[in-house]
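Biologist: I've got a new model open and some time to look around. Can you walk me through it?

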Amino acid sequence: MVESQKNSFEQNCIIAEYNSLRAEILAQDQRRSSRFVSTSATIFALFSLAFLVKSPELVAISIPLISAGWHDDHNCRKNVMRMGAYIYYFIESEHKGIRWEHVISSYTDRDPPEIKQKGTLIELLNDKKLKGRVISTFTYGYGSLATIAIASLVCTTYIFFAPELLVIWECFISNKSCYFSATLLLFRSILTALIFYISFWNLKKAFISGVYLHTETEKIRNNMKTKKEKYDQK
């Protein structure tokens, strides 16, 4: 009787832990979606304002926001992967009636063994095996926002800075004074380039991380599997 009550208590604890982790995974996915929607709304508001006030700097400011959101999204997804791996190895492997993560993992894409993570962006872009993954990363989620932001920055810089540069050039060849306009344009150009340069490296890391997200999934699963094996040996 005591043994039966103990087993029943342990089973209830496991089910409670399982339900809690599954609820947290679903909540994390919901938060990711909400953050993406709010980030997208902020980005497009900045784009609209940039066109209204003719300021490419505002478009440049959107890039670090995208980068920060992208990194946060990856961290959130990795947390979900860790919880899923824990459920897979520590709960479902011990209780055959619970199969949620086993079913989901059977539909998850896995990296072929020959795919190894590249060190540079150029190497990654030249890898034919990852061509489809690179294209999908550019065109989905935060990658699509980054692509739109960079294209918008190039367009707004050309549309708004080119006429001012032409006016300054006309002043120069006609010997008119335009030091203030030239200085202001130079300052704005340097500011835009600086914002883009600083945020580009974080954006590049986020992009590479997005391409190799499946590789990270395998690492997390293997690490959790190793921990389970060590736990069983105690």
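Biologist: Let's start with His74. Which helix is it in?

Modeller: His74 sits in helix α2. One caution before we go on: this is a predicted model.

Biologist: Noted. Is His74 buried or exposed?

Modeller: His74 is buried, because its relative accessibility is 3% and the cut-off for buried is under 20%.

Biologist: And what does His74 touch, leaving aside neighbours within four places in sequence?

Modeller: His74 is in contact with Ala206, Ser209, Gly210 and Leu213.

Biologist: Let's talk about the inside. How many residues are in the largest nonpolar core?

Modeller: That core has 23 residues. Those with the most contacts inside it are Ile66, Trp70, Leu203 and Phe207.

Biologist: Which helices each supply at least two residues of this core?

Modeller: The helices are α1 (2–53), α2 (56–92), α6 (142–173) and α7 (179–211).

Biologist: What about the second core, how many residues does that have?

Modeller: The second core is separate and has 9 residues. Among them are Tyr18, Leu21, Ile25 and Met83.

Biologist: Back to Ile66. How far is Phe36 from Ile66 in space, C-alpha to C-alpha?

Modeller: Phe36 and Ile66 are 9.3 Å apart by that count. In sequence, 30 residues separate Phe36 and Ile66.

Biologist: Where is Phe36, and what does it touch beyond four places in sequence?

Modeller: Phe36 is in helix α1. Phe36 touches Gly141, Tyr142 and Leu145, with residues up to four places away not counted. Phe36 is partly exposed, at 27% relative accessibility.

Biologist: New topic: rings. How many aromatic pairs are there?

Modeller: The count is 4 aromatic pairs.

Biologist: Now charges. How many salt bridges are there in the whole structure?

Modeller: A search finds 4 salt bridges. In one of the bridges, Asp73 pairs with Arg32, and the closest N and O atoms are 2.8 Å apart.

Biologist: Which helices hold Asp73 and Arg32?

Modeller: Asp73 lies in helix α2 and Arg32 in helix α1, so the pair ties together parts that are 41 residues apart in sequence. Asp73 is buried, with a relative accessible area of 9%. Arg32 is partly exposed, at 22%.

Biologist: What about Asp72, what does its side chain meet?

Modeller: The side chain of Asp72 meets Arg35 in a salt bridge, at 3.0 Å from N to O. Asp72 lies in helix α2 and Arg35 in helix α1, so this pair ties together parts that are 37 residues apart in sequence. Asp72 is partly exposed, at 32%, and Arg35 is partly exposed, at 33%.

Biologist: Which residues do salt bridges with shared partners join into one network?

Modeller: Asp29, Arg32 and Asp73 are joined into one network.

Biologist: And what does Glu24 pair with?

Modeller: Glu24 pairs with Arg31 in a salt bridge, 2.8 Å from N to O. Glu24 is partly exposed, at 28%.

Biologist: Let's go to the surface. Which residues form a nonpolar patch?

Modeller: Phe180, Leu184, Phe187 and Leu191 form the patch. Together they have about 430 Å² of accessible area. Phe180 is in helix α7 and is exposed, with a relative accessible area of 66%.

Biologist: Last one. What is phi of Lys54 near?

Modeller: Phi of Lys54 is near 55°, a positive value in a residue other than glycine. Most residues other than glycine have a negative phi. Lys54 is found in the loop between α1 and α2.

Terms used. Residues numbered from 1 in each chain as written. Predicted model: local features only at pLDDT ≥ 70, side-chain atom pairs only at ≥ 80, totals over all residues. Heavy atoms only, no water. Core = buried A, V, L, I, M, F, W, Y, C linked by side-chain atoms within 4.5 Å. Buried < 20%, exposed > 50% of the residue type's maximum accessible area, 1.4 Å probe, protein only. Phe/Tyr/Trp six-rings, centres within 6.5 Å; stacked < 30°, edge-to-face > 60°. Patch = residues over 30% accessible without salt bridge, like charges linked within 9 Å, V, L, I, M, F, W, Y side chains within 5 Å. Areas by Shrake-Rupley, 256 points an atom, 1.4 Å probe, with all protein chains shown as cover. Contact = heavy atoms within 4.5 Å.
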